[in-house]
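Trainee: Could you help me see how the words used for a structure follow from its numbers?
Mentor: Gladly, let's have a look together.

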Amino acid sequence: MNQVLISLSVLSLLILLLVIVLKRFQQPYMIAYIIAGFLIGPYAANIFKGAEDVEPVAEIGILLLMIFLGMEIDIPDNKSLLFKPLIAQGMKIVLTFGLVMPISFLVGWPWLTGAIIFVLLIFNSTAVVSEYLRKNGELKTEFGVTILNILLLQDLMLAPILGVLQFAGSKPFSWLHLGLSAVASVLVFVLLRAIRNRDLVQLKIKYIFRDDQELQIFAGCLLCLGFGLLAELSGLSGALGSFVAGILIGKLDAFKWLGSALHPFKVFFVALFFVTIGLRLDVDYMKSHLLTIGMGTLLLLAVNSCLSALIFKGLKYSWADSLYAGALLSQIGEFGILACSLAYKMEVIDQDLFKTGIAVTALSLLLSTIWITALRKFAFKNPKTLIERENNPNTAT
């Protein structure tokens, strides 16, 4: 019997059942994907032998997610919407570094351990946060744009952080690679500025794709994956390249069909990405380190929430919006997993720290959905305030 068909059928059935249950509790579907990944993974039913089986394909989900975000977002003309995220992320880096490194020194951790924990704390999940903002109709509000721009700044930080990890690893460091990353970052900034300041030349090729779904699908995939590939070759993250492609495509009338053509693929591949997170959960290791992983996850959610809430309050947001922003930026993101994995491959960290980092990251993604919902209800506990916000979300500050 075909093992691939069995695996995918069981996965689809699990996701379907879990989604039906979670829908009744108004919880995001990504919880279902992570739980399903764990249940069919090597540490439970062992239907999938490991994340490596589907990880290369699942990464396409992040590229598709980012290109859709780019298509939906307008680059703000208000300079405060650009400076606020820069200030917020800069403050988070300084505060997180000032908190993690002294603690690492006091408890006697190697400085590399403290550095990896610091890296994990400064990345959040674009997938989780954007879905919540979209669900609540806040993606295009002043509040939502500020949050999303913070996440994009984090994406830009991935390349230099990976370059720094090369210094500590056993592999030779490439100044050329780091230089390409810096140049590519500048080009991305210039392109986004150009898109914001002037209308682009419209391509007169709309007739080529009219009423041809196959052509639309493959052209859309080429645009999404091609921009991601160019970004990775230049030292940036593929997700950032796809996001820039989405912004560019959103301005071109010739590609207005792209959203409807690629949306089913986005749902499927994003689900696979979160399934790979569940596949990484090593139950035996988590049981033997239950206290460390459990307390570490709760402490991470609390610390990240508090730091982000204080930063947003410093940016003159209300306490309610600041608490909500803190909850949104509480989890460790998908790029934190990437940084941790690369650090392990380059022998910067040992296997125990790698497994702990993966477990804490996965649990933070899983629990953050509940955390965000609870803190949002607490922050807007006055029903009238919450109704007013949902009816007029632009009154975020």
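Trainee: Is the crossing of α2 and α17 left-handed or right-handed?
Mentor: The crossing of α2 and α17 is left-handed. Left-handed means that the near helix is turned anticlockwise from the far one by less than a right angle, and right-handed that it is turned clockwise. Before we go on, this is a predicted model, where local features need pLDDT of at least 70, side-chain atom pairs count only at pLDDT 80 or more, and totals for chains, interfaces and linings use all residues. Residues are numbered from 1 along each chain as its sequence is written, and side-chain values use heavy atoms, leaving out hydrogens and water.

Trainee: Why are α2 and α17 called roughly antiparallel?
Mentor: The axes of α2 (residues 30-40) and α17 (residues 351-379) cross at roughly 150° and come within 10 Å. Angles under 35 degrees count as roughly parallel, over 145 as roughly antiparallel, 65 to 115 as roughly perpendicular and the rest as oblique. The two helices are therefore roughly antiparallel to each other. The axes are lines fitted to C-alpha atoms, for helices over the stretch in contact, with angles from 0 to 180 degrees between N-to-C directions.

Trainee: Which residues of α2 and α17 meet?
Mentor: M30, I31, I34 and I35 in α2 meet L365, L366 and T369 in α17; contact means heavy atoms within 4.5 Å. By class there are six nonpolar, one polar and no charged residues. Here Ala, Val, Leu, Ile, Met, Phe, Trp, Tyr, Cys and Pro count as nonpolar, Asp, Glu, Lys and Arg as charged, and the others, Gly among them, as polar.

Trainee: What makes α10 oblique to α11?
Mentor: The axes of α10 (residues 213-233) and α11 (residues 238-250) cross at roughly 130° and come within 7 Å. That angle makes α10 oblique to α11. The crossing of this pair is right-handed. Among the residues in the contact are L223 and F227 of α10 and A245 and L248 of α11.

Trainee: How do you know that Q89 is buried?
Mentor: Its relative accessible area is 3%, so Q89 is buried. Buried means under 20%, exposed over 50% and partly exposed in between, using a 1.4 Å probe and protein chains only. Q89 is in helix α4 (residues 80-107). Leaving aside neighbours within four places in sequence, Q89 is in contact with I122, I150, L153, Q154 and M157.

Trainee: Why does A184 count as buried?
Mentor: A184 has 10% relative accessibility, so A184 counts as buried. A184 belongs to helix α8 (residues 175-197). Beyond four places in sequence, A184 is in contact with S234 and L236.

Trainee: And what makes A219 buried?
Mentor: A219 counts as buried because its relative accessibility is 15%. A219 lies in α10. Its C-alpha is 9.8 Å from that of A261, 42 residues apart in sequence.

Trainee: What makes α15 mostly covered?
Mentor: Eight of the 10 residues of α15 (residues 319-328) are buried, including D321, Y324 and L328.

Terms used: Helix = DSSP H or I, 4+ residues; strand = E, 2+ residues; numbered from the N terminus.
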